[in-house]
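Please keep the sequence and the model in view while reading.

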Amino acid sequence: MEVLIYLVPLALSLGFLGLLGFLWSLKSGQYDDLDGAAWRAIADEEPDQPPVPVQIVPTDQRICGSGRRREY
């Protein structure tokens with residue numbers, strides 16, 4: 001029970017600090033635009049780009065990792 005002498009003031013001070021932090025965030029405008037942040041997260045800002053053409057290479061002319069042509 002003697003520990004309550006330390007824990008109750010500690011809990012009250014932490015709660016007060018949390019309340020001050022919340023009031024500061026209200027005053028600084030953290031909650032002004034709740035919907036804008038949600039829409040910016042899912043907005044498609046990049047324009048659609050055409051697909052890159054793929055060159056089809058016959059299997060007998062493929063190049064291996066060393067730069068030499070490999071015969072299959």
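**The setting of S25**

Does S25 count as buried or exposed, and at what relative accessibility? S25 counts as buried at 9% relative accessibility, where buried means under 20% relative accessible area, exposed over 50% and partly exposed in between, with a 1.4 Å probe and protein chains only. This is a predicted model, in which local features need pLDDT of at least 70 and side-chain atom pairs count only at pLDDT 80 or more, whereas totals for chains, interfaces and linings use all residues. Residues are numbered from 1 along each chain as its sequence is written, and side-chain values use heavy atoms, with hydrogens and water left out.

S25 sits in helix α1, and a polar atom of its side chain lies 2.7 Å from the backbone oxygen of F22. When residues up to four places away in sequence are not counted, S25 touches Q30 and Y31, contact being heavy atoms within 4.5 Å.

**The aromatic pair**

Rings of Phe, Tyr and Trp (its six-membered ring) pair if their centres lie within 6.5 Å, and planes under 30 degrees apart count as stacked, over 60 as edge-to-face and the rest as tilted. By this rule the count comes to 1 aromatic pair. The ring centres of F22 and Y31 are 6.1 Å apart with the planes at 50°, so this pair is tilted. F22 is partly exposed at 41% relative accessibility, and Y31 is also partly exposed, with a relative accessible area of 41%.

**Helix α1 and the annotated span**

Helix α1 covers residues 4-27 and reaches 34 Å from its first C-alpha to its last, close to the 34 Å expected at 1.5 Å a residue, a span taken as 1.5 Å times one less than the number of residues. Helices (H or I, at least four residues) and strands (E, at least two) are DSSP runs, numbered from the N terminus. Just after α1, G29 takes a positive phi of about 90°.

An unreviewed UniProt entry annotates residues 6-26 as "transmembrane region", and such annotations may be inferred rather than shown by experiment. That span is 100% helix and 0% strand, with its end C-alpha atoms 31 Å apart.

**The whole chain**

The chain has 2 helices and 0 strands, and 4% of its 72 residues count as buried.

Methods: A polar contact is a pair of N or O atoms within 3.5 Å; within protein, one must be able to donate a hydrogen and the other to accept it, and residues adjacent in sequence count only if both atoms are side-chain atoms.
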